[in-house]
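Take a look at the model below.

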Amino acid sequence: MIAVLAEVPYWGQSLLRVLGGLVAVLLPAGTIVYVFLFKMMSFMQSRLGPMEAGPYGSMQLFAEVGKWLQKEDIVPERADTRIFKMAPIIVLVSTFLLVVVVPFGPEAWFTDFETGVFYALAVSSVSVLGILIAGWSSANKYSLLGGLRAAGQLIAYELPMVLAVMGVVIQAGTMNLQKIVVAQNTGLMFGIDAIGHPYVISQFFGFIIFMIAIQAELTQAPFDMPIAESELVSGYMTEYSGFRFLIFFIGEFATAGVFAMIASVLFLGGWGVPFTWFGWTSIDDVANWMNFVGPLIMFTKMMLLVFIIMWIRFSYPRLREDQLQRFAWKGLIPVALINIMFTAILKVVF
Amino acid sequence: MIAQNIGFWIIAIVMIVAALRVVTTNNVVHAALWLVVVLAGAAAQYILLAAEFVAVTQVLVYIGAVMVLFLFGTMLTRARIGAESDLNNSYKKLGIPVGLVMLVAMGLALVSSFGDEKLPQTTTVVSSQEISDQIFGPYLLPFWALSFVLLAAVVGAIVLARKD
């Protein structure tokens, strides 16, 4: 961590890390819900959205949270109570585990994990477990169907996501997210060092596949069959109310934020600016102020990517269940495999 | 006693309790979830051994894929809520001796190959690059053999699932 923190005792550092993790998960989630879900969706549908609570309805979020927290914690009579209560927490924990590997600056990271990308893909698959048991333990046919749909969809789209990331890993030659950021900001593109080498350009197909896959992983429309409200009431969330629904809700948008952060690290250069702008040559030269500017750059890139995700969510109708599976297995996975092959060949040739 | 040993014992006890619950619980889904605890414990033990690549693989393969498919399968076919009475059958008598034989066999294998040897107290993490150099170097043939087995399994599954 940052040099100032080196003098703080270990328990203090751990406490600060937990606080940092809470901020890194909850702040993007709240911003995404207000800016995109409340305001952007309203303007796209020619209405104002929340206007009463605070200026331009900016306090609406706190009103909503307060409303949910007051509600009774209802568990259906025939549900499996313990598992029913556990399920939303598993989903949220997987989000918190995910944010741990995201680097926010040259020294502003939670852990400098050697196999960071691999770890992120592994823990993101833990949330499927939470969704599945949420659907099962509700003792409700709609919930069970939603849970099963979610599991089928998340497994199917995890593969193109992993394969798309593989191209970046081959090109950067490392699985460490911090080193991927450095590789993008020190690299040259066609001999020009003006903008570094963001992999969105050389891994364009990988980027598109990754964005489609995270759209499906987040179960945002047009991939929202697991919670399809016109078919399944609310899918695996049907029986949840109050505080536990709030956890699912926070989990959904927090995961959107964290996945967008990982996408911006992998494809858009993460927290960095091209190092040649300031005459830096390696990560050790990077000035200390980047620890404070870096998170802001990350946040901007994250908002940009979430904007794209939400834009698509509010624009497209839902796919059918079999179209969804066919799209993943016959469309995305072959393209991702070809992308890996070409990346590997080009990596060896140059 | 160093911190790793304390961590090892805590995780080991959790794993043993969870493993016993897998076979004693009276609900299929509960058994699967206790199995998740056991597998997550194994991943935690790998972390204690500074083998983070293996630990992450354990999470990705066993928790993220195998257990999800397991739960998916049981929920599609039979997974009632509440206690089930027909989970125990006459093979139970056979299962206990088989389990004991496996325990003895694995214990003997461990003792005869390592004996009193102690693991070196290193804090360096084995990099994934070294692991891949090993897999694609000296262990290339077993790696290929394994991938052929997996390929055969995939083809077999498709043959079984096809209706025509």
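In this predicted model, helices H6(A) and H9(A) meet along a set of named residues. From H6(A) come A:Gln153, A:Leu154, A:Tyr157, A:Pro160, A:Met161, A:Ala164, A:Val165, A:Gly167 and A:Val168. H9(A) answers with A:Gly206, A:Ile209, A:Phe210, A:Ala213, A:Ile214, A:Ala216 and A:Glu217. Sort the residues of this contact by class, and you get 12 nonpolar, three polar and one charged.

How do the two helices lie against each other? Two packed helices are described by the angle between their axes and the distance between the axes. H6 covers residues 141-172 of chain A, and H9 covers residues 204-217 of chain A. Their axes are 8 Å apart, and the angle is about 155 degrees. Angles over 145 degrees count as roughly antiparallel, so H6(A) is roughly antiparallel to H9(A). The crossing of H6(A) past H9(A) is left-handed.

Now turn to the contact between the chains. Chain A gives 23 residues to it, and chain B gives 21. On the chain B side, the elements with two or more residues in the contact are helix H2 (28-48) and helix H3 (52-77). Which one gives the most? It is H3(B), with 13 residues. By class, the chain B side has 17 nonpolar, three polar and one charged residues.

How far does the predictor trust chain A? The mean pLDDT of chain A is 83, and 96% of its residues reach 70 or more. Among the elements of chain A, H9(A) has the highest mean pLDDT, 89. The lowest, 77, belongs to helix H10 (residues 229-232) of chain A. Where pLDDT is low, the predicted coordinates should not be read in detail.

How values were computed. Residues numbered from 1 in each chain as written. Chains lettered and ligands numbered in written order. Predicted model: local features only at pLDDT ≥ 70, side-chain atom pairs only at ≥ 80, totals over all residues. Axes fitted to C-alpha atoms, helices over the stretch in contact; angles between N-to-C directions. Helix = DSSP H or I, 4+ residues; strand = E, 2+ residues; numbered from the N terminus. Parallel < 35°, antiparallel > 145°, perpendicular 65-115°, else oblique. Left-handed = near helix turned anticlockwise from the far one by under 90°. Contact = placed C-beta atoms within 7 Å. Nonpolar A, V, L, I, M, F, W, Y, C, P; charged D, E, K, R; others polar. pLDDT = per-residue confidence, 0-100.
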